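Try each task yourself before you read the solution.

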Amino acid sequence: MSDTHETTYAAAVAGAIGDAMRVDPSVFVIGEDVTAGGPFTTTAGLADEFGIERVLDTPISEATICGIAVGAAQSGLRPVLEIMYIDFITLALDQLVNQAAKAHFMSGGQLTVPMVLRTQGGAGHRSGAQHSQSMESWLTHVPGLTVVMPSRAVDAAGLLASAIADPGPVVVVENKTLYFRKETVPVHIEPVPIGKAAILRPGRDVTVVALSRLVHEALAAAEELAAEGIEVEVIDPRTLVPLDLETILESVGRTNRLVVAHEAVQHGGFGAEIAAAVQHAGFDDLDAPIERVGAPFQPIPVSPPLEDAYLPGAAEVRAAVLATLGRSG
């Protein structure tokens with residue numbers, strides 16, 4: 001019997017939630033249309049197995065969903081809530097930022113908020129400016145929140161397991177375009193430690209730190225550049241807060257060059273935080289300016305050719321690698 005099988009990112013998410021619910025009766029799911037699997041099947045089958053007492057549909061009210069989860073978590077339960085599209089996390093920010101993230105601190109450690117907020121970002125579905133954003137950097141600016149951003153099915157399941165077990169609020173930012181990407185994963189996926197990056201491709205010439213969908217674009221660019229004799233090291237942080245800066249600095253110490261890449265708008269994106277941290281702690285190792293890859297500072301167009309032109313991908317990562325090497329092409 002094989003120790004691996006083929007699955008999708010979405011199925012891995014549903015599987016991880018189901019595994020947690022079987023082990024711990026305090027874990028429950030709440031959100032819009034979760035009993036039917038949600039818009040991307042990430043809760044598919046859970047209502048059939050656990051019933052509507054533990055898989056709760058809600059009205060379209062993100063503040064209500066998050067508020068119920070905060071109260072439930074403070075009462076000893078472990079809610080896994082879904083905010084359908086990260087664009088609408090804005091409607092739940094008061095509950096998330098001012099309640100969930102602050103309760104432990106403001107209660108002198110008497111309260112814990114063991115809740116997981118799952119949401120999905122990213123463009124590519126022709127969904128327009130209000131359903132396609134990448135807003136993870138908003139969340140990383142809030143002390144008290146842990147933020148994870150898996151790019152692969154194995155990490156989506158492993159990080160979710162760790163998030164559900166965590167004593168504090170964790171936001172899991174998934175990516176819509178990755179949900180149905182087939183991958184081979186272990187039959188039994190182990191929890192992935194929060195705060196530990198993964199080196200997905202070793203290299204000697206340039207370090208590329210990429211987030212979510214851009215991890216796969218960076219790997220594609222690295223494969224292309226390898227044919228030209230340029231070896232790119234690709235790092236997936238997996239966790240944004242806390243960031244595994246040590247792994248990134250060790251890599252830059254070997255390659256002496258850094259590119260940071262994400263789908264989010266470049267201006268104010270999390271890549272700027274990575275760049276600033278590396279520049280401060282690893283300045284002596286850098287032989288060239290840090291290059292950043294991100295989307296233009298404008299709303300996301302719904303037109304297919306315009307959206308395609310808007311989104312950064314392998315071509316932009318390749319250009320940034322060549323720029324930090326002082327080459328063009």
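**Exercise 1. Sort the lining of the largest pocket by residue class, then describe where that lining comes from.**

Step 1: the ground rules. You're looking at a predicted model, where local features need pLDDT of at least 70 and side-chain atom pairs count only at pLDDT 80 or more, while totals for chains, interfaces and linings use all residues. Residues are numbered from 1 along each chain as its sequence is written, and side-chain values use heavy atoms, with hydrogens and water left out.

Step 2: the elements. Strand E1 (4–8), helix H1 (9–23), helix H7 (153–165) and strand E8 (182–186) each give at least two lining residues. H1 brings the largest share, seven residues. (Helices, H or I with at least four residues, and strands, E with at least two, are DSSP runs numbered from the N terminus.)

Step 3: the centre. Of the 24 lining residues, Gly 15, Ala 16, Asp 19, Ala 157 and Ile 189 lie nearest the pocket's centre.

**Exercise 2. Is Gln 120 buried or exposed, and which side chains does Gln 120 join through polar contacts?**

Step 1: find Gln 120 in strand E5 (residues 116–121).

Step 2: check the accessibility. Gln 120 counts as buried because its relative accessibility is 0%; buried means under 20% relative accessible area, exposed over 50% and partly exposed in between, using a 1.4 Å probe and protein chains only.

Step 3: look for partners. The side chain of Gln 120 has a polar contact of 3.1 Å with that of Glu 82, and another of 3.2 Å with that of Tyr 179. (A polar contact is a pair of N or O atoms within 3.5 Å; within protein, one must be able to donate a hydrogen and the other to accept it, and residues adjacent in sequence count only if both atoms are side-chain atoms.)

**Exercise 3. Describe how Phe 40 and Tyr 85 pair up.**

Step 1: count the aromatic pairs, and you'll reach five. Rings of Phe, Tyr and Trp (its six-membered ring) pair if their centres lie within 6.5 Å; planes under 30 degrees apart are stacked, over 60 edge-to-face and the rest tilted.

Step 2: Phe 40 and Tyr 85 are edge-to-face, at 5.9 Å centre to centre with 75° between the planes. The two sit 45 residues apart.

Step 3: Phe 40 is buried at 6%, and Tyr 85 is buried at 16%.

Terms used:
1 Å grid on protein atoms, 1.4 Å probe; cavity = no way out; pocket = protein on both sides within 12 Å on 5 of 7 lines; lining within 4 Å. Nonpolar A, V, L, I, M, F, W, Y, C, P; charged D, E, K, R; others polar.
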